[in-house]
Amino acid sequence: MSDSQSGSFRDQKHYDAIIIGSGPAGYTAGIYTSRANLGTLIISGTLPGGQLMTTSDVENYPGFPNGIFGPELMMNMRQQAERFGAVIVDDEVIKVDFKKRPFTITTHAETYTAEATLVCTGASPRKLGIPAEQQFSGRGVSYCATCDGPFFKGENIVVVGGGDTAMEEATFLTKFGKSVRVVHRRDFLRASKILQQKALENPKIEFIWNNVVADIRGNNKISTVLIKDINTGKEKTIETGGLFVAIGHEPNTVIFKGQLELDDKGYVVLKQHTKTSVEGVFAAGDVHDHRYRQAVTAAGFGCMAAIDVEKWLSERKHS
Ligand code: NAP
């Protein structure tokens with residue numbers, strides 16, 4: 001549990017609004033609900049602050065002309081939510097019961113109840129699953145070209161993947177990199193025709209088919225990757241200053257299976273505005289949005305969900 005529990009709702013077990021997740025969507029929702037005087041609990045999850053805690057400079061979040069460190073931005077959002085009385089616990093939700101109201105939310109340490117719940121658990125980039133990946137994460141290995149591309153000016157860049165994201169990122173990265181190589185495990189792409197064509201016709205992009213990244217090497221920072229042909233087993237070292245892993249995302253929705261309607265990829269389905277399939281449960285950010293996936297869009301969705309919660313609670317009170 002966090003030492004940062006604060007506000008007049010401290011130690012309560014029942015809240016007007018419980019927010020699950022603490023990325024830009026969760027904290028923004030918390031700023032809005034607590035400022036609207038709703039008893040608010042934010043349960044931060046295993047990585048308080050979310051994906052931005054693992055990035056360095058954030059250059060595209062409005063309001064910071066010189067950029068801001070991801071962790072600093074998230075600490076600011078956290079403090080802003082606490083300022084209005086949101087209680088924040090650094091714990092992980094292991095079970096929810098949305099079948100009856102008030103909703104029950106169980107963490108490792110406690111069981112809470114809520115009139116309304118906001119699901120802001122985000123998504124995690126799929127990992128290659130090789131040992132050196134973690135070691136070089138933030139040291140040349142990135143999972144978001146929009147976020148990190150400009151840091152790789154003049155570098156030889158490698159992109160892994162054959163879907164829409166990989167094609168879009170490879171094309172985007174040609175603006176910065178000296179060269180862009182796409183390493184894909186098949187000899188065809190699953191990306192939409194239009195994005196494929198754009199990438200295939202781009203003279204700065206080279207495709208390396210039927211290959212996987214087997215190792216990442218370097219001292220403090222990435223300098224080479226070892227790729228392996230999946231048909232012949234032949235290995236080759238390529239020099240690179242940046243490896244972009246674009247092999248999809250996994251929404252963090254395991255605990256909502258059987259409780260909320262999820263799509264075939266596991267993302268929360270929104271019914272109207274930010275409302276989910278369960279009345280009183282709202283969702284915001286990457287947990288339902290696999291298209292934009294930006295800190296600023298997640299924050300925007302968090303604001304929208306909080307306004308929807310406030311409206312929904314007040315309508316119930318007056319009905
Ligand atoms: P995706 O469609 O699931 O594609 C993932 C790619 O990564 C596939 O080519 C897959 O290979 C490869 N891959 C998966 N695991 C791998 C591993 N362990 N090692 C190596 N390669 C691996 O994911 P996405 O490209 O992120 O797209 C997600 C969704 O967002 C899609 O519905 C997409 O259409 C949508 N999206 C749309 C746009 C747009 O319309 N502008 C942009 C981005 C994303 P295989 O092909 O062999 O399975």
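Phe98, Phe103 and Phe256 form one aromatic cluster in this predicted model, where rings of Phe, Tyr and Trp (its six-membered ring) pair if their centres lie within 6.5 Å. Local features here require pLDDT of at least 70 and side-chain atom pairs pLDDT 80 or more, while totals for chains, interfaces and linings use all residues. Residues are numbered from 1 along each chain as its sequence is written, and side-chain values rest on heavy atoms, without hydrogens and water.

The pairing rule gives a count of eight aromatic pairs. One of them joins Phe98 and Phe103 edge-to-face, at 5.4 Å centre to centre with 75° between the planes; planes over 60 degrees apart count as edge-to-face, those under 30 as stacked and the rest as tilted. Phe98 is buried, at 4% relative accessible area, and Phe103 is buried at 1% (buried is under 20%, exposed over 50%, partly exposed in between, with a 1.4 Å probe and protein chains only).

Phe282 and Trp312 also pair edge-to-face, at 6.1 Å and 70°. Because Phe282 lies in strand E19 (residues 281-283) and Trp312 in helix H7 (residues 295-317), this pair ties together parts 30 residues apart in sequence. Helices (H or I, at least four residues) and strands (E, at least two) are DSSP runs, numbered from the N terminus. Both Phe282 and Trp312 are buried.

A charge also meets a ring: Lys127 lies over the face of Tyr143, 5.5 Å from the ring centre. The criterion places NZ of Lys or CZ of Arg within 6 Å of the ring centre and within 35 degrees of the ring normal.
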